Amino acid sequence: MEKRIRKANVGDAPALAELAAVTFPLACPPYHSAENIALHLEKVLSRDAFEGYATNPDIAIYVAESDDDSLVGYVMVDFRPCDDDEVAPLLRNVEPTAEFSKLYVHPDAHGSGFAQQLLEKAAEDAQARGCASLWLTVWKENVRALRFYDKNGFSVVGDRFYRVGELLDHDFVAVRVFSKGD
Ligand SMILES: CC(C)(COP(=O)(O)OP(=O)(O)OC[C@H]1O[C@@H](n2cnc3c(N)ncnc32)[C@H](O)[C@@H]1OP(=O)(O)O)[C@@H](O)C(=O)NCCC(=O)NCCS
């Protein structure tokens, strides 16, 4: 597949929501109910939500397109200050920073290099806006994502726990500090 990465626009919102519905469950702990997943998709990854992200100047979304123009992946970089009480103290030494958020690639394109290209674009953007690092959270048993982040220079700096209904999820917080060669 040819790799084409571009900045998303508001017209991408429906396709982004569709892709999110396929890919978000892959990043979730398997014990989450279909109802919880549907609720998250509706609140955070719906067409309306993506329209909001795409028009927010503090957020950048990049999409990966396959050669038939369909979206096969996306990433969001969130430049707003971290408002999570557990995570913010972990970022004090790596600021200014931005959240590398919602990296999702369609399963047919895993291992294709799209994720890598999306990461590079996000890193380029963050550096151009003066960031010293990128940070992210990832479910602690998402081994594929953990390996991907590790090989791309992210180091785990702590934990983040959050309640979803009756359940407590355990994520790792990881940071990539930019070096001169990045
Ligand atoms: C996370 C994601 C973006 C990474 O993209 P990708 O194209 O799959 O990444 P790559 O293939 O380049 O890298 C994955 C690595 O994990 C390895 N891997 C795959 N399955 C694995 C497993 N079960 N255990 C350990 N490593 C595994 C691969 O071999 C590869 O490592 P290598 O390059 O050293 O061989 C993609 O898998 C994805 O969209 N997953 C679903 C959504 C998700 O989890 N997003 C992250 C949310 S934090």
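Two residues are in contact if their C-beta atoms, placed from the backbone, lie within 7 Å. In this predicted model, the cover over the buried residues of α1 includes α2 (34-44), α3 (47-54), β3 (71-78) and β4. The residues of α1 that are buried are A13, L16, L19, A20 and T23. In an α-helix, residues three or four places apart point the same way, because there are 3.6 residues a turn.

## Length and bend of α1

The 15 residues of α1 should span 21 Å at 1.5 Å a residue, and the C-alpha atoms at its ends are 20 Å apart, so the two values agree. The helix is bent by about 35° at A21. A proline, P25, follows within four residues of that position.

## Shell around the ligand

There are 18 residues around the ligand, and those that come nearest are A27, V105, H110, A115 and R147. At least two residues of the shell come from each of α1 (13-27), β4 (97-105), α4 (114-128) and α5 (143-151). With six residues, α5 gives the most. By type, the shell consists of 10 nonpolar, five polar and three charged residues.

## The loop at G130

G130 sits in the loop that runs between α4 and β5 (133-139). Is G130 buried or exposed? G130 counts as exposed because it has 9 C-beta neighbours inside 10 Å, and the cut-off for exposed is 12 or fewer.

G130 and F50 are 80 residues apart along the chain, and their C-alpha atoms are separated by 25 Å.

How values were computed:
Residues are numbered from 1 along each chain as its sequence is written. This is a predicted model: local features need pLDDT of at least 70, side-chain atom pairs count only at pLDDT 80 or more; totals for chains, interfaces and linings use all residues. A residue is near a molecule or strand if its C-beta atom, placed from the backbone, lies within 6 Å of it. Ala, Val, Leu, Ile, Met, Phe, Trp, Tyr, Cys and Pro count as nonpolar, Asp, Glu, Lys and Arg as charged, and the others, Gly among them, as polar. The expected span of a helix is 1.5 Å times one less than its number of residues. The bend at a residue is the angle between axes fitted to the seven residues ending there and the seven starting there. A residue is buried if 20 or more other C-beta atoms lie within 10 Å of its own, exposed if 12 or fewer, and partly exposed in between; C-beta atoms are placed from the backbone.
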